[in-house]
Amino acid sequence: MAHAPEEAAEDDATAVLAEPTVPVTAGWTANLSLSTLAVFMAFMTPIQILLPLQLEQIDPHDKNTALSLVTGLGALVAVLANPIAGAWSDRTTSRFGRRRPWILGGALAGAAGLAVTASQHTVAGVAVGWCLAQAGLNAMLAGVTTPIADRVPLTQRAVVSGWTGLMQSVGLVLGALITALLVTGVRSGYVTLALLTVVLALPFVLRHGEPPLPRALRPAVDVRTLVRSFWVSPRKHPDFGWAWFTRFLINLGNALGTLYLFYFLADAVHYGDPGTGVLVLTVLYTLCAALTAIPVGVLSDRVGRRKGFVAVCSLVMAAAALLLALVHTWPSALAAAAVLGAGYGIYLAVDQALVTQVLPEAADRAKDLGVINIANSGPQVLAPALAAPVIAHLGGYTGLYATAALVILAGGLLVHRIRGVA
């Protein structure tokens, strides 16, 4: 039976929030992955390389405190900006869609923040610039994270999540190579990242349209309602709560396992060049993550199961942490990096797919994914505070990596509390 014009319009409008059924193309996945690469390269390279170098030049005697201050303030901005940008993305009625304006706008704002950071000569100035960059990049992150829930059918969701998730590790390695081999100086490093952030965002923004959100379906914009919406009650939505807590624990364990690698190589392994050692371990970690993320994503989509794979990844990652805890040699560090990367590759593919299946409301996907992303950024803030007393009072690096293993295992165990996903 043919639909009346009013009914057809209503069907088109409702389709914006409906569960996706049309498969996405390889080009769509590749271009979304490029945008994701831009975000994480712009995030991770300053934290790992540019900010430490810049702050060492500004305040060589108190560089560690300065770095903690700048990155801590940036992490606080990230925790707030991501769900706020996601909430406004959910309410965007632009004819260009809900996500693409935030991807491009966030890329431009993040690039501007990186440029501001590059020109600073005081710790306070660097902190302001980095916070501006974090605000823009987290708005972009809200835009690049949500299309998987918006547009990717369940039968493709883990493999697409695998490709985009890999960009976290690839961004760190590529950023390190660019700043080490292709540019000279801190300022040129920031400027190069700023340009790449915008350039890599453009293919997805320009080539892949999305249906606009009709004003009739726009969620309420009342400020009080919006603020209250950031609390997703685990009592009303237990699967969402358990998914958040599982992600938090696994990311916390991973952060504990990778945070002090430089000092571990220098103090426990006695590796001659710990900086080069960390780069070697990071590349190996990334390669092994790439080897598992896509095949496991394909398998998860084919069998329609998620929780078992998350449990397996927790066992693999915990085994890597225990190896670091018990054996302090360079060959064991290489083996642990490979095993940890393999486990994290499984996690990147399957957990993101799982999370998209426990979102409470289709109209609030970006906001809710922003809340979920706090479970990514929060451990980066908490890990240093936990690691320092463990190293000092609970067995040094053996205690640190044993703690990481226990935290990861707890995350893998709790995933079984999720009832609505297989």
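Predicted model: local features only at pLDDT ≥ 70, side-chain atom pairs only at ≥ 80, totals over all residues.
Ring pairs join Phe264, Tyr397 and Tyr401 into a cluster. Across the whole structure, the search returned eight aromatic pairs. One of the eight is formed by Phe264 and Tyr401. Their geometry is edge-to-face, with 5.2 Å centre to centre and 80° between the planes. This pair connects distant parts of the chain. Phe264 lies in helix 11 (residues 261-269), whereas Tyr401 lies in helix 16 (residues 396-414). The two residues are 137 residues apart. Phe264 counts as buried, at 0% relative accessibility. Tyr401 is likewise buried, with a relative accessible area of 0%.

Helix packing was examined next. Helix 4 (residues 100-118) packs with helix 5 (residues 123-145) at an angle of about 165°. Their axes are 7 Å apart. The angle is over 145°, so helix 4 is roughly antiparallel to helix 5. The crossing of the two helices is left-handed.

Gly189 is placed in helix 8 (residues 186-207). Gly189 is buried, with a relative accessible area of 2%. Leaving aside residues up to four places away in sequence, Gly189 touches Leu50 and Val183. Gly189 and Val283 are separated by 94 residues in sequence. In space, the C-alpha to C-alpha separation of Gly189 and Val283 is 20 Å.

For Cys288, the closest cysteine sulfur is that of Cys313, at 15 Å. A disulfide requires sulfur atoms within 2.5 Å, so the sulfur of Cys288 is too far from that of Cys313 for a bond. Cys313 is in no disulfide, and its nearest cysteine sulfur is that of Cys288. Cys288 is buried, with a relative accessible area of 14%. Cys313 is also buried, at 0%.

How values were computed
Residues numbered from 1 in each chain as written. Heavy atoms only, no water. Buried < 20%, exposed > 50% of the residue type's maximum accessible area, 1.4 Å probe, protein only. Phe/Tyr/Trp six-rings, centres within 6.5 Å; stacked < 30°, edge-to-face > 60°. Helix = DSSP H or I, 4+ residues; strand = E, 2+ residues; numbered from the N terminus. Axes fitted to C-alpha atoms, helices over the stretch in contact; angles between N-to-C directions. Parallel < 35°, antiparallel > 145°, perpendicular 65-115°, else oblique. Left-handed = near helix turned anticlockwise from the far one by under 90°. Contact = heavy atoms within 4.5 Å.
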